[in-house]
Amino acid sequence: MPVEIDRVLCLSCGACVGSCPTESITLVDTWIEFDDSCISCGVCVTVCPAAALRLPEKEIGPFKDPKTGEEFVREYPCKDGTPKGGVCE
Amino acid sequence: MKELTCDMLVIGAGPGGSTTARYAAERGVDVLMIEKRQEIGAPVRCGEGIARIWLNELGIEPDDAWISKEVDGARVISPSGHILEMNEKMAGNETGYVVERDLFDQYLARTAVKAGSELMVKTMATGLKQLDDGVEVKTTGIHGDMRIKAKVVVGADGFESRVAGWAGIDTRLPPEHVNTCLQYRMMNIGNAEEFNDFYAGECAPGGYVWVFSKGDGEANVGIGVQASLLNGYGGVKYYLDKFVKKHPFLSKGTIIEVVGGAVSVGPPPDETMKGNVLLVGDAARQIDALTGGGVVNACDAGKVAGNVIADAVESGKVNEEALKPYESGWRERMEKMLVRNYIAKEKILTMSDDFFDRIILALQEVEIERVTTLDILTAVQKKDPELVEELADLL
């Protein structure tokens, strides 16, 4: 489970659960849980209104595309991970 | 493992689930409702504005137990501060009452139980299997692990629906079709209490800021932003904090509650049922993409679902064929509006702050009866024909 959860900040609102493209998150009352199908796409990180989710740097990239050999960085989270109000540098 | 059987299992005791349960139970259907939370409706995830007209239609008596404020009108406020004021008749869905959503949800659940539904809280569905003659659902919770066999299952499990995926109904949303929301309930603020206010423009990319009055110097101050227009983390909070700081009537207030959530803002999905599983409410993406309002639609669809299921149970044949009228029934009632408001929302996304200002200015001086998309366009056409050229595809 690569996504880090700040359980103090979490509002248990389910925004991440319904936005997850791989349906990898479950919410029960005030507890969210990721399962192994998570692909670290970062959608939940961006969607979270509480800023309670983070992707560690190693999950963000840069990665090498196995087919083309091109380097890429995940689109959603900021590279430097700083909260700049939704707009990455 | 405990084994249970029922005619209809409702997963999720929100407005959609409770309304479906109520209408089916009133006609003698054997209904079981399960709710994963320990307390129905809490924590709240909503702006809490509800239309008056709509309550009448569902035969719900307004009750002080869940109404915090009656609101006469709505105002749309442009980026430069131009105000478009609307009375209830014009604003339609978005005026009437500001409620306490947790108490409101509990009230609807009680109505369902009074009609004869069974209810189990702190009980969560963990899986679902379609059978030849119904649906089997596994659950866990305070009643222990259970296997429930139902003739029909209603997935009213909200924005984060699991039932949809289990039943093979694709309701997944790309970030373009998700608005993520944050709301502060604030006290000691100086808002205009007789209005629900909507702030449009770049203060909330792809969405809007709302200030819904709770009375007594309190209001829900919330924001919805389109997820695909955010990056990194903390984006929604950044925009809301910026808004609060910028407006003196808010910045001196105190936050007494924080509410999060998300709504779908895409077009309605292709299908909302499969086999003997029906989706209702947010799970079926029955949300107005322009306003983000969903309570009314969920209850409306729930009423359709409850009656269709009762018909099927009464006929003795509960299969996809017999349940199909649900799909056409709810679409007849709201699909046109959902599609139109989705298109309008997509158009609004492309508007600059300056464009918003011009529209509100144009509308201010025109008498309009009702604020539907068409009425707005017709009014704007009279005042500022140039504007309408840019909106031509909406007409």
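How many residue pairs are in polar contact across the interface of chain B and chain A? I looked this up in a predicted model, where local features need pLDDT of at least 70, side-chain atom pairs count only at pLDDT 80 or more, and totals for chains, interfaces and linings use all residues. Residues are numbered from 1 along each chain as its sequence is written, chains are lettered from A in the order in which they are written, and side-chain values use heavy atoms, without hydrogens and water.

**Entry: the interface**

I found nine residue pairs in polar contact, both residues at pLDDT 80 or more. A polar contact is a pair of N or O atoms within 3.5 Å; within protein, one must be able to donate a hydrogen and the other to accept it, and residues adjacent in sequence count only if both atoms are side-chain atoms.

I then looked for salt bridges (a side-chain nitrogen of Lys or Arg within 4 Å of a carboxyl oxygen of Asp or Glu). The rule finds one across this interface. B:Lys122 and A:Asp29 form a salt bridge, at 2.5 Å from N to O.

I also noted contact (heavy atoms within 4.5 Å). Here 36 residues of chain B touch 35 residues of chain A.

**Entry: the cysteines**

I searched for disulfides (a pair of cysteine sulfur atoms within 2.5 Å). B:Cys181 is in no disulfide either; its nearest cysteine sulfur, that of A:Cys13, is 8.9 Å away.
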